[in-house]
Amino acid sequence: MSDDVLLAARGISKRFGGVQALHAVSLTIRRGEVYGLIGPNGAGKTSFFNVLTGLYSADEGSVTFGGATLALGAPHRIVGAGISRTFQNIRLFGAMSALENVMVGRHIRLRTGVIGAILRTPAARAEEADTAARAHELLRYVGIDRLANQQATHLSYGDQRRLEIARALATGPRLLALDEPAAGMNATETAGLRALVEKMRDDGLTVLLIEHDVKLVMGLCDRVAVLDYGEKIAEDVPDVVRRDPRVITAYLGTEAV
Amino acid sequence: MNPVAPKLRAHLGIALIGVALAVLPFVVGATFGNSWVRIVDFALLYVMLALGLNIVVGFAGLLDLGYIAFYAVGAYLYALLSSPHLALAFPAVFASAPDLPFWLVLPLGALVAGLFGVMLGAPTLKLRGDYLAIVTLGFGEIIRIFLNNLNAPLNLTNGPQGINNIAPARIAGHALSRPLELFGAQIPSVTLYYYFFLALTLLVIFVCVRLQDSRLGRAWVAIREDEVAARACGINTRNVKLLAFGLGATFGGVAGGLFAGFQGFVSPESFGLLESIMVLCMVVLGGMGNIAGVILGAVLLALLPEVLRWGAAPLQQALFGSVPVDPETLRLLLFGIALVLVMRLRPAGLWPSALRRRELAAHADGSAP
């Protein structure tokens, strides 16, 4: 069983001043599954995400990923280890083309330094061509290759989401963390997103998904964890989580039970 | 359409520009006199400075208001190592004026300026926008004030009087401060400097173009566009920012060394806040982040005051019969108007950077990741 654990978080705590955003959160994500992280607003989902991807450092706790301890607080090392993410409020490089956005995602897998870039050595040139080809491939994978030369800000909302996913895929992740990818999407776009996530899972990628759209989460995820006031109150397959009284209380209040 | 035609046209364009740049000093010298060639030389120095600042401000989006400090560091290092000042000030330590080869002193100045760039960058990594601007402004002033006051207790910089008798640039044994006899014709010193500066400017442009279109150039723009997203993409923002500061400062140091050798004299006066702002204006006015735009901005702003000095007084004399407005005052007025107009009409600069397109043969299947 421990063989197929990809990520294990143990006792992650995070305080902001007097607010305990995360309280000893532990969870495990298995290889090849789509793992959902849900919870009411302010439950600490995004805080957990930011700790996991290195934008915040944790006050306590540790994370092992693929058997090795993650250097929390150092995003480039976490990306290097194989975790990449998207943002709840899409954060693209607006002035760049879609293709260049994806090429930036390759940064950490490339080696060209100052000298190589200036002299444009054969190695640097091969790397650049390879990067562009790979970026095109990823744009095609998420279905927006026809927009490769469009400026990122000119893309439609749904396409911007897809572009952000392509950029995250470009870093070569083993775990892709999506922060509310369906937020603001209409039904058609959500269906398209769901198909894309399923395709990625079928291609062997592990996906961590934060989502408000409970229908999407329950339909898509293999397992789900529920956060409430910074604590994990449930972690299981969707059907079990759905009937968990603590989860129902967290979402609907005590009256409803 | 013949597919060769655009390429041929591009080559033809480059050849034409090359010929124009090659004959420029002779045309300018014959038409307006050699003092104008000297002005063109200074314009080239400003192009180098503006391109260096463009890496920091234009590419990486780090607002640096103290950039001229690196120019000062390069200039003073060159001055100290190529003038009798140290020998005069510290006869006990230096028996004679240091006689180091030019090709050693210039890179040394660039290197030291680059180190100063990293030194400024390191403590300001977490700052952005206005806050970074204030800190860099302070840094620029600190350097200038140091230069102004380091004549006691040890006379390192000779204070406000500056350092003179600086040796000129020397190439293949020939000092560029003296005219060169070539095939019976005499090439004046300013023209020699022109070719030398032009060669180095082209080198700087080449480096900038190559860097812009590379992994590092993309990382800089990513930081400019959204630093959090850049970090989430795995860019080591600390190193990449320090690299921008260091490289930009290196170019400033090269320009400073050239300036010191060209003038034969440096003093703290040349490195005031107004100079920093002027170089920043060249970058912003021309088109932040676009190399061609920055060159245009630098040339325009470097030539403007001279054109006014040359044309404003006679024009007023002809129109009003007297000179009611001093050309120097007029320069600042016009400069202000130009900036306001550019910000109103072309907020991205005169020649903003266009989105780069990259057509690449795409693979047929969509297999990923």
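**Ground rules**

I am working with a predicted model, in which local features need pLDDT of at least 70 and side-chain atom pairs count only at pLDDT 80 or more, while totals for chains, interfaces and linings use all residues. Residues are numbered from 1 along each chain as its sequence is written, chains are lettered from A and ligands numbered from 1 in the order in which they are written, and side-chain values use heavy atoms, with hydrogens and water left out.

**Entry: the Glu227(B) salt bridge**

I followed Glu227(B) to its partner and found Lys241(B), with N to O at 3.1 Å in a salt bridge. (A salt bridge is a side-chain nitrogen of Lys or Arg within 4 Å of a carboxyl oxygen of Asp or Glu.) The pair links distant parts of the chain, 14 residues apart: Glu227(B) sits in helix 9 (residues 227–232) of chain B and Lys241(B) in helix 10 (residues 237–263) of chain B. Helices (H or I, at least four residues) and strands (E, at least two) are DSSP runs, numbered from the N terminus. Lys241(B) is buried too, at a relative accessible area of 3%.

**Entry: other salt bridges**

I get 17 salt bridges over all chains. In chain A, Arg194(A) and Glu198(A) form one at 3.3 Å, N to O. The two are 4 residues apart in helix 7 (residues 187–202) of chain A, so about one helical turn separates them. Arg194(A) is partly exposed at 30% relative accessibility, and Glu198(A) is partly exposed at 25%.

Back in chain B, Glu225(B) and Arg224(B) form a salt bridge, their closest N and O atoms being 3.2 Å apart. Glu225(B) counts as partly exposed at 28%, and Arg224(B) as partly exposed at 32%.

**Entry: where chain A meets chain B**

I turned to the interface next. Contact means heavy atoms within 4.5 Å, and here the contact takes 49 residues from chain A and 40 residues from chain B. The area buried between the two chains is about 4,000 Å², with carbon and sulfur atoms giving 60% of that area. Buried area is the accessible area (1.4 Å probe) that two parts lose on being put together, summed over both. His107(A), Ile118(A) and Asn149(A) supply 17% of the area that chain A buries against chain B, more than any other three residues.

Which salt bridges cross over? I find 2 across the interface of chain A and chain B. One side-chain pair that meets in a salt bridge is Asp226(B) with Arg91(A), at 2.8 Å, N to O.

Helix 5 of chain A gives the most to the side of chain A that touches chain B, with 11 residues. Arg140(A) lies in helix 5 of chain A, and its side chain makes a polar contact with that of Asp145(A) at 3.2 Å.

**Entry: helix 8 of chain B**

How many residues of helix 8 (residues 215–225) of chain B are buried? I count 9 of its 11 residues, so to speak a mostly covered helix. Among the buried ones are Arg215(B), Arg218(B) and Trp220(B). Ser214(B) caps the N-terminal end of helix 8 of chain B, with a side-chain oxygen 3.1 Å from the backbone nitrogen of Leu216(B).

**Entry: rings and a serine**

I see 23 aromatic pairs over all chains. Rings of Phe, Tyr and Trp (its six-membered ring) pair if their centres lie within 6.5 Å; planes under 30 degrees apart count as stacked, over 60 as edge-to-face and the rest as tilted. Tyr67(B) and Phe70(B) are edge-to-face, 5.9 Å centre to centre and 70° between the planes. Tyr67(B) is buried at 1% relative accessibility, and Phe70(B) is buried at 1%.

Tyr67(B) came up again with Ser276(B): leaving aside neighbours within four places in sequence, Ser276(B) is in contact with Leu65(B), Gly66(B), Tyr67(B) and Ile68(B). Ser276(B) is in helix 11 (residues 273–286) of chain B and counts as buried at 2% relative accessibility.

Terms used. Buried means under 20% relative accessible area, exposed over 50%, partly exposed in between (1.4 Å probe, protein chains only). A polar contact is a pair of N or O atoms within 3.5 Å; within protein, one must be able to donate a hydrogen and the other to accept it, and residues adjacent in sequence count only if both atoms are side-chain atoms.
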